[in-house]
Amino acid sequence: MTMLKGVPKSMIYRLLRTGQVRVNGKRAKPDTRLAEGDMLRIPPVRVAERPVGRGPAAEMVAQVTDAILFEDKHFLVIDKPSGIASHGGSGVSHGAIELLRAARPNESLELVHRLDRDTSGVLVFARTRAGLIGLQAAIRAGEVTKQYLCLMVGHPSKAKFDVNAPLQKSILQGGERMVKVSDNGKPSLTFFREMEQYPGARLMQATLGTGRTHQIRVHAAHIGHPIAGDPKYGDKEMNKRLREYGLNRLFLHAAHMGFELDGRSYGFSAPLPDDLKVFLDTLAVKGKRLVYTRQKSTL
């Protein structure tokens, strides 16, 4: 995908399925990983040129610039709104990084990490190579604290617990990415702590022990208490009922990120968005008969 920028994912997966992408002369699969010295063959692909002048809408650019929480020599941090992707691709023309670059065309900005499109909260960009390399190294070493707020449906039997379950990524036909608990997956650890109680749900703080794709969402679903509003791993019937109380998105918010770099401590926090606060207030008052019983907790 890096080498075929602008090529639709569906076309890339079709090239893989038909054996046109090869590693050392053999057919490559979507999960094939390259090693040093491998010979990669990618067929020539023609892509229609994008129309000139189709930049992002001014309203979207203003939305991310208004969301800036912090900036210094090395970093720029935003409270990413739900609905804006971290970067463009997969049918998304402009993500947060493209919008910020449009707002600041003379600056060097790089995305350090990612949030799911529907997830709101702290998203960090690097303004220098030292910041990018340093923070990414800290993330790989597990030296970065990442805490989220999420609404779990149902009532976990414990107020404080952890989920230690390996996760494996898979790609369905058409390019949709799914993650599942599997003995063949990578080690994955999430620490959950109850913050507030609501009818049919619990507001939880989730702290990442590892940083796998969709980790909190899959771990929550794995124990029988999926994240409210999750269209991929959640409970459809419960999501439908919660929409009646005003929840129209995934209830997952990146609330805090902290790390140290070159002797300096950084800590970025983003408050729970107003739409989620209003929903919780409505749920507390009107949802007294709301009960979640579909899945049995494994706690």
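Arginine 127 comes out as partly exposed, since its relative accessible area is 23%; the label covers the range between buried (under 20% relative accessible area) and exposed (over 50%), with a 1.4 Å probe and protein chains only. Its side chain meets that of glutamate 107 in a salt bridge, 3.1 Å from N to O, where a salt bridge means a side-chain nitrogen of Lys or Arg within 4 Å of a carboxyl oxygen of Asp or Glu. The two residues sit 20 residues apart, glutamate 107 in the loop between α3 (96-103) and β6, and arginine 127 in the loop between β7 and α4 (129-140). Helices (H or I, at least four residues) and strands (E, at least two) are DSSP runs, numbered from the N terminus. Glutamate 107 is also partly exposed, at 29% relative accessibility.

The structure is a predicted model, so local features need pLDDT of at least 70 and side-chain atom pairs count only at pLDDT 80 or more, while totals for chains, interfaces and linings use all residues. Residues are numbered from 1 along each chain as its sequence is written, and side-chain values use heavy atoms, with hydrogens and water left out.

Back to the charged pairs: the salt-bridge count comes to 10. Arginine 217 and aspartate 116 form one, with their closest N and O atoms 2.9 Å apart. Because arginine 217 lies in helix α5 and aspartate 116 in the loop between β6 and β7, this pair ties together parts that are 101 residues apart in sequence. Arginine 217 is buried at 8% relative accessibility, whereas aspartate 116 is partly exposed at 23%. Another salt bridge joins the side chains of arginine 249 and aspartate 275, at 3.8 Å from N to O. Here the partners are 26 residues apart: arginine 249 is in the loop between α6 (236-243) and β14 (252-261), and aspartate 275 in helix α7 (residues 274-286). Arginine 249 counts as buried, with a relative accessible area of 10%, and aspartate 275 as partly exposed, with 41%. Through shared partners, salt bridges also join Glu71, Arg104, Glu107 and Arg127 into one network.

Glu71 leads on to the strands. Glutamate 71 has leucine 76 in β5 as its bridge partner. Strand β4 (residues 68-71) runs antiparallel to β5, and 3 bridges join them; two strands pair if DSSP finds at least two bridges between them. With 3 residues between them, β4 and β5 form a hairpin. On β5 (residues 75-80), 6 of the 6 residues are buried. Phe75, Val77 and Asp79 point one way from the strand, and Leu76, Ile78 and Lys80 the other way. β5 also runs antiparallel to β7, joined to that strand by 6 bridges, and lysine 80 has glycine 121 in β7 as its bridge partner.

Threonine 119 is buried, at 2% relative accessibility. Leaving out residues up to four places away in sequence, it touches Lys80, Pro81, Ser82, Tyr148, Arg249, Leu250, Leu252, His253 and Ala254, a contact being heavy atoms within 4.5 Å.

Helix α5 (residues 215-222) is largely enclosed by the rest of the structure, because 7 of its 8 residues are buried. Those buried residues are Gln215, Ile216, Arg217, Val218, His219, Ala220 and Ala221. Just after α5, glycine 224 takes a positive phi of about 90°.

Strand β1 (residues 22-23) pairs with β2 over 2 bridges, and valine 23 has lysine 26 as its bridge partner. Leucine 40, in β3, is partly exposed with a relative accessible area of 33%.

As for the whole protein, there are 7 helices and 15 strands. The C-alpha atoms fill a box of roughly 60 × 45 × 40 Å along the principal axes. Of the 299 residues, 43% count as buried. Among contacts between residues at least 6 apart in sequence, 62% join residues at least 24 apart.
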